[in-house]
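Visitor: Please show me how a model of this kind is to be read, feature by feature.
Guide: Let us look at it together.

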Amino acid sequence: MREHLRDRGVGTEVYYPVPLHLQECFAYLDYGEGDFPLAEQAAKETLALPVYPEMTDDQQDHVVNMIAKFFHSGSAH
């Protein structure tokens, strides 16, 4: 989806590619891969979309429509 949105002028970002329990700063807690499988899955699937107060209705519609196109095109499967 990220590539699809980028190609259509919608910026995205991945802010937390590594779940908190696997980050170096929390290593002292002694958690490892598999200890929080839902957090690990979310880190692999979460994509930040553009959201800010100055977004116009047209910009919001564009983002929503491009996401809808992605899912309707069958690319999500």
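**Reading the model**

Guide: Tyrosine 28 counts as exposed, at 64% relative accessibility; buried means under 20% relative accessible area, exposed over 50%, and partly exposed in between, with a 1.4 Å probe and protein chains only. The model is predicted: local features need pLDDT of at least 70 and side-chain atom pairs count only at pLDDT 80 or more, while totals for chains, interfaces and linings use all residues. Residues are numbered from 1 along each chain as its sequence is written, and side-chain values use heavy atoms, with hydrogens and water left out.

Visitor: Where is tyrosine 28 found?

Guide: Tyrosine 28 is in the loop between H1 and H2. Helices (H or I, at least four residues) and strands (E, at least two) are DSSP runs, numbered from the N terminus.

Visitor: How many helices and strands does the protein have?

Guide: The protein has three helices and zero strands, and its elements run α-α-α from the N terminus on. Its radius of gyration is 16 Å, well over the 11 Å that the globule rule gives for 77 residues, so the protein is more spread out than a compact globule. That radius is taken over C-alpha atoms, and the globule rule is 2.2 Å times the number of residues to the power 0.38. Along the principal axes, the C-alpha trace spans about 45 × 30 × 15 Å.

Visitor: What share of the 77 residues is buried?

Guide: Buried residues make up 17% of the 77. The protein exposes about 6100 Å², of which carbon and sulfur atoms supply 54%; accessible areas come from the Shrake-Rupley method with a 1.4 Å probe, and for residues only the protein chains shown count as cover.

Visitor: What span does helix H3 reach from its first C-alpha to its last?

Guide: Helix H3 (residues 57-72) has 16 residues and reaches 22 Å, close to the 22 Å expected at 1.5 Å a residue. The expected span is 1.5 Å times one less than the number of residues in the helix.

Visitor: Which residues of H3 are buried?

Guide: Val63, Met66, Ile67 and Phe70 are the buried residues of H3. They cover an arc of only 95° around the axis, which puts them on the same side of H3; the arc is that of the directions from the helix axis to the C-beta atoms. The face turned away from this buried side carries the exposed residues Asp57, Asp58, Val64, Lys69 and His72. Asparagine 65, also in helix H3, counts as partly exposed at 44% relative accessibility.

Visitor: What covers the buried residues of H3?

Guide: The cover includes helix H1 (2-7). Histidine 4 is found in H1 and is buried, with a relative accessible area of 12%. Leaving aside neighbours within four places in sequence, histidine 4 is in contact with Met66, Lys69 and Phe70, where contact means heavy atoms within 4.5 Å.

Visitor: Which residues make up the largest nonpolar core?

Guide: In soluble globular proteins, nonpolar side chains tend to be buried together. Here the largest nonpolar core has six residues: Leu5, Val10, Met55, Val63, Met66 and Ile67. H3 gives the most to this core, with three residues. A nonpolar core is a set of buried Ala, Val, Leu, Ile, Met, Phe, Trp, Tyr and Cys residues joined through side-chain atoms within 4.5 Å.
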